[in-house]
Amino acid sequence: MNSRQNAFFCDKKTNGSFEHPFLQATGMFLGEFLCLLVFKLIWYSTARHRIDQLKLYETDVSSVAIKYWPINVKRETKLVEGDQKFNPLIFWVASIFDMLSTCLGYIALNYTTASSFQMLRGSVMIFTALLSVAFLGKKLTLYHWLGILTVVIGLSVVGISDILFDKSDTTHSNSDKIAGDMLILMGQIFTAFQVVYEERFIAKYNIPPLQAVGWEGIFGFGTLGLLLIPFYFIKISTSNTGPAHRLEDVAEAFCQMKNNGIIILATVGNIFSIAFFNFAGISVTKELSSTTRMVLDSGRTLIIWLVTLALRWQNFYPLQIVGFVLLIIGMGIYNGVWAHLIREFISRRPIPSERSPLLTNDFGVATPAAATNYTAEPVNT
């Protein structure tokens, strides 16, 4: 797997791994910004319908642009539903949390193993639950805590299986792994702050998810993009961003992309996947809750595991199956799926005998309601 992310630097003599955490985080915010472009495209394309049919935005300053917009979609869409009267600066706080979490995660992956990263990411559910209780006044039941604990145990089993059985990792020392693990935990705390902040903010303003993600992308891209300038002049001996060992070296990053097309493909794919992931995440936060979002996000580990197995980037260990079974069980406990199925099974009505006639409608077709409400009457013989 390491050979896929190695490339020559600008001098075309030094070959090194692609380690540019801050530039990668900037690319993530670029992906979030794409959500705002999509929102604006949908908003303007459906604006005439909302003005004509719903009598909205009749005095909006953008009415001139709407009048000459070439696309006119005559249908309603929930993607643009929400409040438009808000201060966009409130997204800056969320972007800062997102920036800190993402940068710490990218840095941690250079010091620890992927298995440890996936295992410790499960801790974000605990942090999110605690912050939800502290700042949102949430009350988690015993079933919620049992579900969160089960999911964390499942993720831990998967991570521990890699540590116990994978002896091929000789690139990370114990001190590197400990430092990386601590950075991951710190990053998950910032992620928990971000999600809880988004829940409180979204519930108050009811802003469309696409627009919310887009504004976070603008502020994150602008803030971290400006920070890349001083990062270029900061030199750290342990940095592998280039021969000059700068904190971040954008020029060397683009040279490595030029010399390795796979890095370009992975970078572009990361930008678009981040855009979709954040839109889906903030939609779940809007409809359900922040802790539920974190529980469902843990299922991403399953997809990552299956892909890495298919590409033969890691070996298969039977203990990992136990971990993912626990993951599914934990999600069901937290969301009340298992409790609902048990209640349905206990309270379900008896199925009528196959010999009992079913009441039919005018077309002679038996209806579920008729089958449920049918009461046998005595037959005179």
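Which side chain meets that of arginine 246 in a salt bridge? Select aspartate 249: the two side chains pair there, at 3.6 Å from N to O. A salt bridge here is a side-chain nitrogen of Lys or Arg within 4 Å of a carboxyl oxygen of Asp or Glu. Arginine 246 is buried at 14% relative accessibility. Aspartate 249 is buried too, at 3%. Buried means under 20% relative accessible area, exposed over 50%, and partly exposed in between (1.4 Å probe, protein chains only).

Before moving on, note that this is a predicted model: local features need pLDDT of at least 70, side-chain atom pairs count only at pLDDT 80 or more, and totals for chains, interfaces and linings use all residues. Residues are numbered from 1 along each chain as its sequence is written, and side-chain values use heavy atoms, with hydrogens and water left out.

Next, select residues 124-135. This is helix H6, with twelve residues. Helices (H or I, at least four residues) are DSSP runs, numbered from the N terminus. From first C-alpha to last, H6 reaches 16 Å. Colour Val124, Met125, Thr128, Ala129, Leu131 and Ser132: these are buried.

Step just past H6 to glycine 137. Its phi is positive, about 70°.

Now select lysine 138 and glutamate 199. They form a salt bridge, with the closest N and O atoms 2.6 Å apart. The pair links distant parts of the chain, 61 residues apart. Lysine 138 sits in the loop between H6 and helix H7 (142-165), glutamate 199 in helix H8 (residues 174-205). Glutamate 199 is buried at 12%, whereas lysine 138 is partly exposed at 29%. The salt-bridge count is two.

Technical notes: Helix = DSSP H or I, 4+ residues; strand = E, 2+ residues; numbered from the N terminus. Expected span 1.5 Å × (residues − 1).
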